[in-house]
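The report that follows describes one protein model, from the chain as a whole down to single residues. Please read it alongside the sequence and coordinates shown here.

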Amino acid sequence: MKIFPAIDIKDGQCVRLVKGDYATAHKVAEDPLATARSFEAAGAEWIHMVDLDGAKDAALVNKDIFVTVARETGLKVEVGGGIRTMEAVDWYLQNGIARVILGSAAVKNPAFAKEAVEKYGEKIAIGIDARDGMVAAEGWLDTSDVHFVALAKEMEKIGVRTIIFTDISRDGTLTGPNLDQLREINSAVTCDIIASGGVSGIDDIVALRDEGLYGAIAGKAIYTGALDVAQAITEGSKPRDVSKYFAKSELLPAIVQEASTGEVLMLAYMNEESLRLTLATGTTWFWSRSRGELWNKGATSGHYQYVVSVDGDCDDDTLLIRVNQVGAACHTGKHSCFFQPVGFKPFKENKE
């Protein structure tokens, strides 16, 4: 999981807000460039920067600060706030910014978001900021009637690959990220999800990593000293901890289900290594009990299973793998392995 140290700019200064309230803005660092360089020295690859004035005024108010950081450091800079036109997108990407974040524009002008994605592909990210599950816009000053998952699915359809999700109620509070909403959006779309809001320390970084998120943004926790950037990067880069699922047995039954229809395709077994490979590669890996080896579904037939989500049951001893199946799941050529009737006659209540 990638770590994105954050710098928010208001009136040319590095500030943080609490729950998006501009009245709570307080200065957290003296110089944006020096702060960015300290993040780079700690090992950061990316930096997340927001033009708070721009978000409110729908203009590129602090653009020169962001471009200076991009030019004077080796960091990849992603920028959001006030980007409402293709001219603004063009300007940033032509002046060294690695990724542009569209927020309000995605809600109010989805045609513009689609145009930007078609032109720049993965250089466009969508910022989805939610208050009580509903998407907020205009520097979080307005709340729409659009649910955050619904917007995520719409953005996925137009080709968006990266979504930055913020629960506004957690932003700047150091109360921990909203894992329930992050889990919901991460399982609803195939886009890379970057978590924003509420990170309080290293335990939150570990929790976000183990949810399988692409990235995590941290701001206030860094500036208060509660989170060390270098340690966060180290923890974020570690594999997800899946050992709890194998506390009872070295092998777990894994039920594979077609994501689009709910049809059960097959049952196989996973050990810890195959689960890690599945999570890392996005295709299913299993343990063959007869051959005593790992196998990647589709490696020989081309009938790969592209993973949509992985869930454990209530006892942590069975896995449900939702996939997009290519071709047949069964070696017989059937789409599902479950096609042979057992001859069960449904029970009919005797009402006499």
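## Basis of the description

A contact means heavy atoms within 4.5 Å, and helices (H or I, at least four residues) and strands (E, at least two) are DSSP runs numbered from the N terminus. The model is predicted, so that local features need pLDDT of at least 70 and side-chain atom pairs count only at pLDDT 80 or more, whereas totals for chains, interfaces and linings use all residues. Residues are numbered from 1 along each chain as its sequence is written, and side-chain values use heavy atoms, with hydrogens and water left out.

## The chain as a whole

The secondary structure of the protein chain comes to twelve helices and 18 strands. Its radius of gyration, taken over C-alpha atoms, is 23 Å, close to the 20 Å that the globule rule (2.2 Å times the number of residues to the power 0.38) gives for 352 residues, so the chain is as compact as a globular protein of that length. The C-alpha trace spans about 75 × 45 × 40 Å along its principal axes.

Buried residues (under 20% relative accessible area with a 1.4 Å probe, protein chains only; exposed is over 50%, partly exposed in between) make up 47% of the 352 residues. Of the contacts with a separation of 6 or more, 59% are between residues 24 or more positions apart.

## Two nonpolar cores

A nonpolar core is a set of buried Ala, Val, Leu, Ile, Met, Phe, Trp, Tyr and Cys residues joined through side-chain atoms within 4.5 Å. The largest has 65 residues, and those with the most contacts inside it are Val 89, Leu 102 and Ile 128. Apart from it lies another core, of 16 residues, among them Leu 265, Ala 268, Met 270 and Ile 321.

In helix 4 (residues 86-94) the buried residues are Met 86, Ala 88, Val 89, Asp 90, Tyr 92 and Leu 93. Their cover includes strand 4, helix 3, strand 5, strand 6, helix 6 and strand 7. Just after helix 4, Gly 96 takes a positive phi of about 100°.

Strand 7 (residues 124-131) and strand 8 (residues 134-137) pair in the antiparallel sense over two bridges, pairing being assigned if DSSP finds at least two bridges between the strands. They form a hairpin with two residues between them, and Asp 132 in the turn has a positive phi of about 55°. Arg 131 stands opposite Met 134 in strand 8.

## Helix 12 and its surroundings

Ser 274, Leu 275 and Thr 278 are the buried residues of helix 12 (residues 272-281). Seen down the helix axis they fall within an arc of 100° (the arc of the directions from the axis to the C-beta atoms), so they line one face of the helix. These residues pack against strand 14, strand 15, strand 16, strand 17 and strand 18.

Within strand 17 is Asp 311, which is partly exposed at a relative accessible area of 36%. The C-alpha atoms of Asp 311 and Ile 321, ten residues apart along the chain, are separated by 6.6 Å. Ser 301 lies in the loop between strand 16 and strand 17 and is partly exposed, with 43% relative accessibility.
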